[in-house]
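Hello,

Here is the structure I promised to pass on. Please look through it, then read my notes below.

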Amino acid sequence: MSAKPTKMLSEADGYALLRQYDVPAPAFEIVQSPEDAAKAAASIGYPVVMKIVSPQIIHKSDAGGVIVGVKDDAAAKEAFDKIVANAKNYNPDAEIKGVIIEEMAKPGLELIVGGKIDPAFGRVLTFGLGGTMVEFHKDVGIRLLPAEDDELRSLIREIKGYTLIKGYRGDAPKDEEFLFQVLKNACRFFEDNENVVEFDINPLRLYEKGGCAVDARVIVQDEPVVLPPHYDPEKIVPLDYYKPRSVAVIGASDDKTKMGYAAFHNLLQFPGEVYPVNNKRSEIQGVKCYPSVGDIPGPVDMVVITVPAQLVPGIMDECGKKGVKMAVVITAGFKEMNEEGKALEERMVAIARSYGVRIVGPNCLGLILPPYKLDTTYVATSPLPGDIAFISQSGAIANAVVGISLSEGSEMGYSEVVSVGNQCDLDFLDYMSYAARDPHTKSIILYIEEIKNGVAFMEMAREVTKIKPIVAIKAGSSKRGQAAAASHTGSLSGAYEVYMEAFRKCGVVPAKTLEGAFQIAKILGGLKKPLTGKRAVVITNAGGFAVLSNDYAETWGIDICDLPQEVIDEMDTFLPPFWNKNNPIDLLGDADEARFRGVYDVLCKNPDLWDIAILVNFPNKVLSPEQVGQVIIDYQKKTDNLLVGCFVGGDSLKPGVDLLTEHNIPVFEELEFTYRVLGHLTWTTQ
Ligand code: ADP
Ligand code: MG
């Protein structure tokens, strides 16, 4: 898409286009000589601004190509010569198309409105503080198009510079409604003009009333931009493909160092038929072996392929003939390796398609569906069945989470574990769709390095998140690609921000760490009702943690909400006179069960005042950790709001932590982590 040749429209053409979309621009004229410059300036009216017109000069100020406040004829003539000389000096090869004389707009708040095409997610609108200092401010937000009105309104409020729009230190507020209309019109402009690949209005000057674009850069290509494809439900794999009656392992082995050993071994627990295929053996791991899939007497629904890459296309042909529905290709050495591997992969896919065989991988760990005892991978030990679907772009990470989930004390189960590999056929969308339809799955975790079909991903994720939560770890939050993009004001935000915005838009909860992702998935999967807010009440017997709670809550965007006076008054009837009468509610170090229960009684009577109640406990002699845990368990039965425990103090509190875990109540052992997880969890709520 970006490989197509592009060209930059002149500022004048950019203004003309913007005016069609009701974005005001200054009066202007393009001239070729100092004399004409003076004439044009006089007719526009002094003072004027003069700028170079050259398709090769993108940042005119950098080239000494902008002179503002030109006052009279003599100055205009002089400015013309100076601008042309500066431009030639800056880039001797630049084609100079003249000088543009513009009406000088009055000063105002300088903003940037831009657009670019993301290869995976399509059109992106950029908005932030602008002017020549735009790279310095780096205060921009983005929206993916199409964007709703309220998304554009919240984009305006999201940037740090919003204080300047609202009116800073006695300055009158700027015209936010006009700005909203400009954003809306900019979106319309971008969507209507399909050959626009990138644009920016930098700056857009915003006034107390109205505003004006005083620069316009529009980059176009000849053909309409090809946008990423939409979600196609036809392509999704039917559920019965995941429920094979029989599985064959091609390349099954008795040699413990081979993948074909572990893959077959893990399948021995499968309740359906399993067949080893190996043309050098008559028996493998005690099971009768066949020289090829074609020789297996009964039907074969699924195969696991571990033989070297060069052999795979031929094997795929045999599988097609046998009527295999799904092939899990563990083998590496395809597209990820070199051109030859890529050609091999294409051949394999073409053969599979001709028979309707669907492919997991290649270059992957495989697929595990623990509730069905189906493990096509070579992991050391199969995971336990449970309600989390883990879909990973890294085989090693999938392998690691399986290992972690089996460690003593933190046993955890899965409904689906899959490493997506090269995604030559089945991709993230298929595995998410499986998880959405699978009755065992309560929540979905994704580990993503790159999504190619972002638009389709969002369309599907938006539907899935209505019924099951999706938590995603996106690798690559570092400054990757940002330096390269720095020269494009429209590309101020790198790919990572586009992913975060895509997640926000379709209700996917981002997580930074594996541990965080699992906590979030567990909490979201167990919610009695969807979380719609981030108002938290903190109840504690530890004053120090009350103070720290405020700090961490602020960092992670949790709102420790004020409680109405009548609620405080009610609590005052049973709490000791010296309690702090505020949220966090400090019940003091000698707090007994009655104080905790009293507070929860009042909260449960007023569920509309808060979204989350966090009980922060520390080791003390008044209350055992089980007693405190039991209080939370009892009250979770009485409210649909989220109750969590945070038991800080090491091993002595373990019995309380275990009790809460048994009752599926979220419990943390570290305060900052509690707020971090809750912050991510409530990220998509306002
Ligand atoms: P660049 O190619 O360097 O971005 P601009 O056209 O944005 O060049 O001009 C640089 C700066 O000059 C703008 O940020 C703005 O502050 C000021 N400027 C440009 N055009 C006008 C105008 N018509 N009226 C008032 N100020 C202007
Ligand atoms: Mg500019």
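**Notes on the structure**

Val328 has Val360 in strand 18 as its bridge partner. This is a predicted model, where local features need pLDDT of at least 70, side-chain atom pairs count only at pLDDT 80 or more, and totals for chains, interfaces and linings use all residues. Residues are numbered from 1 along each chain as its sequence is written, chains are lettered from A and ligands numbered from 1 in the order in which they are written, and side-chain values use heavy atoms, leaving out hydrogens and water.

The sheet: strand 17 (residues 326-329) and strand 18 run parallel, joined by 3 bridges. Strands are DSSP runs (E, at least two residues), and helices likewise (H or I, at least four), numbered from the N terminus. Two strands pair if DSSP finds at least two bridges between them. The open sheet has 5 strands in the order 13-12-16-17-18, with parallel pairing. Strand 13 (273-277) and strand 18 (358-360) are at the edges, each with a single partner strand, so one side of each has no neighbour in the sheet.

The helices: the axes of helix 9 (residues 312-322) and helix 10 (residues 339-355) come within 9 Å and cross at roughly 5 degrees. Axes are lines fitted to C-alpha atoms, for helices over the stretch in contact, with angles from 0 to 180 degrees between N-to-C directions.

The ligand: Lys51 has a side-chain N or O atom 2.7 Å from an oxygen atom of ligand 1. For Glu102, a side-chain N or O atom is 2.8 Å from a nitrogen atom of ligand 1.

Best wishes

Notes. A polar contact is a pair of N or O atoms within 3.5 Å; within protein, one must be able to donate a hydrogen and the other to accept it, and residues adjacent in sequence count only if both atoms are side-chain atoms.
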